[in-house]
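Student: I have a structure open and some labels I would like to understand. Can we go through them one by one?

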Amino acid sequence: MREEYLLAALRMGAGADPVPEGVSAAARAVFGLRVPGGVPAGPVDLPVPQGARFAADAGTAQDEHAQAERAQPETAQGETTRPGTAQAGVRRFSADGLVIDVETTVTGGRMEVAGQVSPAPGPDATVEVRTPHIAKVRTPSGSGHFAVAGLPPGWVSVVCHRPGHPPVFTRWIHVHP
């Protein structure tokens with residue numbers, strides 16, 4: 001879709017011509033965040049790490065407490081966490097033969113994003129960590145790890161660019177301070 005079609009659709013949907021400048025500016029800003037030709041990576045549940053608190057045969061009060069903690073329906077990011085899945089802050093996405101793990105933290109009012117692309121995307125690949133206002137590009141390590149610090153908390157998405165392949169991008173994750 002081209003920007004002209006977006007604005008025409010806005011005029012038709014709003015029933016106003018011209019569309020109020022604030023609405024068309026917001027639409028243009030959102031339109032600029034898309035990844036043309038990209039492949040959206042869908043979320044994948046992460047298994048809960050095995051440990052003493054999560055042992056299936058423990059049958060103790062600690063186990064019941066752990067089950068109650070896992071049954072929390074809402075995470076800090078507003079996404080649903082199903083019992084048996086990992087805690088908020090770590091997300092996994094998958095598409096086009098790639099798995100993208102993304103971990104977010106907020107320290108001192110700034111967001112840090114670390115993650116791994118697996119299998120490792122190769123020496124000419126880049127990983128773009130983007131917010132609505134800032135995009136930082138990193139070359140992943142030989143094992144596919146990447147990290148970015150100093151971003152403002154809020155919405156973040158990760159895009160993996162590999163030569164000869166369409167970019168693979170995660171959905172937007174909202175990270176609260």
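Predicted model: local features only at pLDDT ≥ 70, side-chain atom pairs only at ≥ 80, totals over all residues.

Student: What makes E3 and E4 paired strands?

Tutor: Count the bridges. Pairing needs at least two. E3 and strand E4 (residues 98-107) have six, in the antiparallel sense. Therefore they count as paired.

Student: What lies between E3 and E4 in the hairpin?

Tutor: Two residues separate the strands. Asp96 is in that turn and has a positive phi of about 50°.

Student: How do you know that E2 and E3 pair?

Tutor: Use the cut-off again: at least two bridges. Strand E2 (residues 42-44) and E3 share three, also antiparallel, so the pair qualifies. Here Val44 stands opposite Arg92 in E3.

Student: Which residues of E3 are on the covered face, and which on the uncovered one?

Tutor: Arg91, Phe93 and Ala95 make up the covered face. Val90, Arg92 and Ser94 make up the uncovered one.

Student: Now to a helix. Why is Ser24 called buried?

Tutor: Buried means under 20% relative accessible area. Ser24, in helix H2 (residues 21-31), has 5%. That is under the cut-off, so Ser24 is buried.

Student: What does Ser24 touch, leaving out residues up to four places away in sequence?

Tutor: Leu7, Leu10 and Val19.

Student: What makes Glu21 and Ser24 a polar contact?

Tutor: Check the distance. The limit is 3.5 Å. The backbone oxygen of Glu21 is 3.2 Å from a polar atom of the Ser24 side chain. So the pair falls within the limit.

Technical notes. Residues numbered from 1 in each chain as written. Heavy atoms only, no water. Helix = DSSP H or I, 4+ residues; strand = E, 2+ residues; numbered from the N terminus. Buried < 20%, exposed > 50% of the residue type's maximum accessible area, 1.4 Å probe, protein only. Polar contact = N/O pair within 3.5 Å; in protein donor to acceptor, adjacent residues only side chain to side chain. Contact = heavy atoms within 4.5 Å.
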